[in-house]
Amino acid sequence: MRLVQDEYDFIDTVDSIRSVGGASAEWLARTFDEQHLDQIRETAFLSAQSHIQEVLDTKVHETDSDRPLPFKTLRLFPSVDITELGKAEYLFKFETVGEEGPFGHTEGNTPPKYVTDRAISVGREHDFDRLILQYHQPHTPWFSKALAEDRDLQYHEYDWWNYYYETGDLESIWEAYMSDLRFVLDDIELLLENLDADRVAISSDHGEAFGEYGILGHKLGSLHPQIRKVPWVITSAEDNETYEPTVEEPNNARMSREELDEQLEALGYKV
């Protein structure tokens, strides 16, 4: 975040905090816990990450014996049911891997525009105490450069772990990652021009390791400093009405276990 700080007027100071999770599922289970039930009931949560269904809706970590042990340990955290949130939206159902759409790439995953678009609608139409937006980027498959150049994803953009093991080329990987970071920050810039909020916090549910201490990526339960230390930027937003939302509210009907597994595997998760 500090590397791109000068490119965005809304990033004044970049601080950091320690995430409660080493992966999205862990962050969800520990953030939306029963201890904060009163606040959660006044919160709208719009997520482009399909773990929202697994952790807060179907709670497969409590019922599915086939899940790997680290995922099943999430049952130790008393997370709330999805129905306790003031509002929840399954934005991960938009333009998933392999689907065509107006904002993304067929080999990519839910583009940030869906989160921004729906956030503007919800922010203008409702009055929740807080609005939490879970963008998917930056996260593999890193597709922003391929989208801009109208081409297929390259090896390092969809399977960077094996690419790195085979080539040792970290520069191409880092460029793809930073491109996707800018991709989502560009959309956050649009968001901040179309919502009213005195205080906006920009952070991440977890970080990413790029070879530090021999670790690549992120995983549930990790205490790796590169994974647990995440940025913390405070800014504000003012609705100048420069953007008019077009995306309809998603249907929160549950996706099948097979559909979710296919999507998670495409994102690099072992299920």
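The model is predicted: local features need pLDDT of at least 70 and side-chain atom pairs count only at pLDDT 80 or more, while totals for chains, interfaces and linings use all residues. Residues are numbered from 1 along each chain as its sequence is written, and side-chain values use heavy atoms, with hydrogens and water left out. Helices (H or I, at least four residues) and strands (E, at least two) are DSSP runs numbered from the N terminus. Two strands pair if DSSP finds at least two bridges between them.

**Parallel sheet**

- The order β3-β2-β4 describes an open sheet of three strands with parallel pairing.
- β3 (87-90) and β4 (130-134) are at the edges with a single partner strand each, so one side of each has no neighbour in the sheet.
- Neighbouring strands here are turned by 10° against each other on average, direction ignored; axes are lines fitted to C-alpha atoms, for helices over the stretch in contact, and angles run from 0 to 180 degrees between N-to-C directions.
- Strand β2 (residues 43-47) is joined to β4 by five bridges, and A44 stands opposite L131 in β4.
- Four bridges join β2 to β3, where E89 is the bridge partner of L46.

**Helices on the parallel sheet**

- Helix α6 (residues 112-125) lies across β2, β3 and β4 and runs at about 170° to β4.

**Packing of α6 and α10**

- The axes of α6 and helix α10 (residues 170-192) come within 9 Å and cross at roughly 15°.
- α6 and α10 are therefore roughly parallel to each other (angles under 35 degrees; over 145 is roughly antiparallel, 65 to 115 roughly perpendicular and the rest oblique).
- Contact (heavy atoms within 4.5 Å) is made by P112, K113, T116, A119 and I120 of α6 and by F183, V184, D187, L190 and L191 of α10.

**Antiparallel sheet**

- A second open sheet has three strands in the order β1-β8-β5, with antiparallel pairing.
- β1 (15-18) and β5 (197-202) stand at its edges, each with a single partner strand, so one side of each is left without a neighbour in the sheet.
- The twist averages 35° from one strand to the next.
- β1 is joined to strand β8 (residues 229-237) by four bridges, with V230 in β8 as the bridge partner of I17.
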